[in-house]
Structures are given as structure tokens and as C-alpha cells.
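The questions below work through a predicted model, and each answer ends on the value or name that was asked for.

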Amino acid sequence: MKKTIALWAALTAAALMVTGCAAENPVAPVPRTPTASGGGASAGGTAGDGAGDTAEAGGAGDTAEAGGAGAAAEAGGAGDKAPGAASAAAAAYRKWGLRPFAPPPAPPATKPVVRPPGGPVPVISDIPTTEKIVFITIDDGAEKDPEFVTMMKDLKVPVTMFLTDAAIRGDYAYFAPLVAQGHGLANHTLTHPNLRTLSQDAQRREICGQQTKLTQRYGKAPRLLRPPYGNWNEATRAAAGECGVDAIVLWRESMQIKNMQYQRGDRKLHPGDIILAHFRGPSELKGRTMTEMTATMLRRIQEQGFTVARLEDYV
């Protein structure tokens with residue numbers, strides 16, 4: 001089984017789907033800054049997050065490509081399971097028009113992104129690693145498709161959810177099973193403002209307020225923050241630190257309907273890249289569902305020979 005998967009992954013790694021789409025504003029590559037994590041972005045942040053993103057033309061007629069994608073959340077995924085369990089995993093992926101691939105490597109013994117005691121909050125858009133892994137993050141929470149919960153239970157693909165109170169306050173219960181499945185819970189502020197336009201005190205209220213709400217609702221305190229639209233400044237870092245945030249998380253790619261927007265000129269995934277997606281439905285995805293968008297994103301990842309790892313294992 002492992003030899004078959006390794007051969008298949010090597011063949012699919014050669015097939016790069018050149019994709020692109022329009023974001024709220026065009027973005028330049030995010031430079032790595034000398035923070036404690038070794039990653040980061042300029043204080044200007046990046047755009048393309050939130051409801052203002054523009055999705056590229058695409059329709060529901062897009063079919064599942066041969067080769068498909070998928071990822072196992074835990075070490076010991078489909079490639080390391082007993083024959084019966086591996087068959088069940090393959091059947092779960094087929095249900096969504098996908099094919100499982102090798103599980104991610106075991107997490108490093110020492111996390112590569114760590115906030116030093118009393119130090120500034122790291123700002124990252126990727127994780128320092130040479131492994132062919134990427135990380136999926138999903139923002140806001142406006143779309144609450146029950147099928148997505150089922151899909152994540154079936155596929156066990158690890159994602160990190162950056163949730164905004166304004167988008168989820170009417171149905172906090174929707175996200176409870178996703179949290180119970182082990183997906184990451186993270187902070188995307190109370191009302192999704194452009195933090196750079198706010199004072200440090202106002203930023204603290206937005207960040208700490210959402211920390212409190214998410215902790216009360218789901219029983220765990222978020223460790224990660226994504227500033228809306230990717231916009232942050234040093235006041236954001238200070239406020240985030242006061243609210244108990246361990247890292248500010250930006251992104252390298254943004255998934256829209258069928259294609260990814262890349263920040264680098266080579267338009268390729270790189271080891272450790274963080275991918276941005278959103279909880280969106282047919283009205284914003286030109287008739288496609290959240291599960292269709294997610295399945296396409298997984299194919300785009302696997303076409304380039306990558307697997308999906310859990311962000312919280314590295315930060």
C-alpha cells in the first residue's frame with residue numbers, strides 16, 4: 001500500500017494546476033520577517049480576506065478530477081491502517097469524489113513557531129519546514145452547511161477555523177461538532193474590522209472579546225489570531241499578546257471557487273504554506289457548495305504532491 005501511494009504521489013506531483021483569482025486587493029508576496037518564528041509579514045498585512053473577496057468565474061459543473069485528494073488528520077492515516085480500516089477510509093473519500101493520500105509526517109518534537117516569554121507575538125504566513133505539507137485555515141463562519149461537518153468527519157482532514165462572532169453568533173452550535181472532531185479553534189475578532197484603523201484599546205476589545213466568547217462557548221481558549229483582511233500593525237501584536245495569543249496567522253494562498261490565488265510569482269505551493277479559505281455558500285461560490293469548494297481545494301493540494309497537516313502541531 002505504501003509503495004503504491006508513494007508512486008502515485010510522485011506522479012501527481014508533476015501535474016501542477018496553474019490557478020489564480022481576484023482578491024479584494026492584489027497582494028504581493030509576503031516577506032519573511034525576523035520574528036521569533038522565522039516567518040511573518042509586513043505591518044501592512046495582506047488583503048483578500050472577508051466577504052469582500054471576489055471569486056473567479058466558475059460553475060457547479062466542475063467535475064472531480066481523476067487522482068483526487070484528501071488528507072488524514074492524525075498520524076497513521078490511510079497508508080498506515082489495517083486493510084479493513086484503509087478500505088473504509090478509501091470508501092469515505094470516494095463518497096466525496098476524492099482519493100486519500102499518505103498521512104502527514106509526525107509533528108516535530110519542538111514546534112518551529114514559538115512565542116518567547118515576554119516577546120512579541122510572531123506573525124507568520126507559512127511554517128518553516130522542508131516537508132511537503134500545507135495547512136488549511138477557514139475564516140469567518142457565515143456559511144453553516146451541515147454537509148461540511150459530515151465531510152470533515154469522513155475525511156479527517158485537519159483544518160483551523162478562524163471564527164468571527166458577528167458571523168456565528170446566531171448558530172454557535174454548528175461549530176461544536178467540528179471542534180469535537182479536533183479541528184483548530186482560532187480568533188478572527190468580534191466584528192471583523194480593519195484593525196489597523198483602530199486604537200490599541202479598541203483592538204484589544206475586538207481580540208480579547210472574541211477570546212472570551214470562544215472560550216465560554218467551546219471550553220478552550222484560542223491560541224491563534226487572524227486579523228481581518230490580513231491587516232495588522234504593532235498595536236495588533238501588542239493587543240494580541242495581552243489577550244493570550246501565541247501567533248498572528250496570515251496566509252500564502254487563498255482558495256476561491258475552483259482556483260487558488262498565489263502570492264508568489266511561481267504560482268506554486270511551497271512546504272509549510274498556510275492556505276486561506278472561507279465558510280461560504282452557493283451565493284458567494286457561483287452556485288457551488290462549501291463541500292464542492294473544499295473538495296476542489298484538496299485536489300489542488302494533491303495535484304502538487306502535498307498533504308495536509310495540523311497547524312496547531314507546529315505553532
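Q: How many of the residues of E9 are buried?
A: In this predicted model, the side chains of Ile274, Leu276 and His278 point one way from E9, while Ile275 and Ala277 point the other way, and all are buried. In a regular strand the side chains alternate between the two faces of the sheet. E9 is accordingly mostly covered, and the count of its buried residues is five of five.

Q: Which residue of E9 stands opposite Ser254?
A: Ser254 has its place in strand E7, residues 253-255, and E7 is joined to E9 by two bridges, the two strands running parallel. Within this pairing, the residue of E9 that stands opposite Ser254 is Leu276.

Q: Is Ser254 buried or exposed, and which side chain does its own side chain contact?
A: The cut-off for a buried residue is under 20% relative accessible area, and Ser254, at 1% relative accessibility, therefore counts as buried. Its side chain makes a polar contact at 2.9 Å, and the partner is the side chain of Gln256.

Q: Why is strand E2 largely enclosed by the rest of the structure, and how many of its residues are buried?
A: Strand E2 covers residues 133-140, and it is described as largely enclosed because its residues are buried throughout. Its strand partners include E9, which E2 joins in parallel through five bridges, and E10 (residues 307-308), which E2 joins in parallel through two. The count of buried residues in E2 is eight of eight.

Q: Which residue of E3 stands opposite Ile138?
A: Ile138 stands opposite Ala277 in E9, and E2 also pairs with strand E3 (residues 159-163) in the parallel sense over five bridges. In E3, the residue opposite Ile138 is Met161.

Q: What is the handedness of the β-α-β unit made by E2, H3 and E3?
A: The two strands of this unit, E2 and E3, run parallel and are paired over five bridges, and helix H3, residues 146-155, belongs to the unit with them. The handedness of this β-α-β unit is right-handed.

Q: Within what arc do the buried residues of H3 fall?
A: In H3, the residues Phe148, Val149, Met151, Met152 and Leu155 are buried. Seen down the helix axis, these residues line one face of H3, because they fall within an arc of 160°.

Q: Which exposed residues does H3 carry on the face turned away from its buried side?
A: The buried residues of H3 pack against helix H2 (83-95), E2, E3, helix H5 (176-180) and helix H8 (290-303). The face turned away from that buried side instead carries the exposed residues Pro146 and Lys153.

Q: Which residue caps the N-terminal end of H3?
A: Just after H3, Lys156 takes a positive phi of about 55°. At the N-terminal end, a side-chain oxygen lies 2.9 Å from the backbone nitrogen of Glu147, and the capping residue that supplies this oxygen is Asp145.

Methods
Residues are numbered from 1 along each chain as its sequence is written. This is a predicted model: local features need pLDDT of at least 70, side-chain atom pairs count only at pLDDT 80 or more; totals for chains, interfaces and linings use all residues. Side-chain values use heavy atoms; hydrogens and water are left out. Buried means under 20% relative accessible area, exposed over 50%, partly exposed in between (1.4 Å probe, protein chains only). Helices (H or I, at least four residues) and strands (E, at least two) are DSSP runs, numbered from the N terminus. Two strands pair if DSSP finds at least two bridges between them. A crossover is right-handed if, with the strands pointing away from the viewer, the path from the first strand over the helix to the second runs clockwise. The arc is that of the directions from the helix axis to the C-beta atoms. Contact means heavy atoms within 4.5 Å. A polar contact is a pair of N or O atoms within 3.5 Å; within protein, one must be able to donate a hydrogen and the other to accept it, and residues adjacent in sequence count only if both atoms are side-chain atoms.
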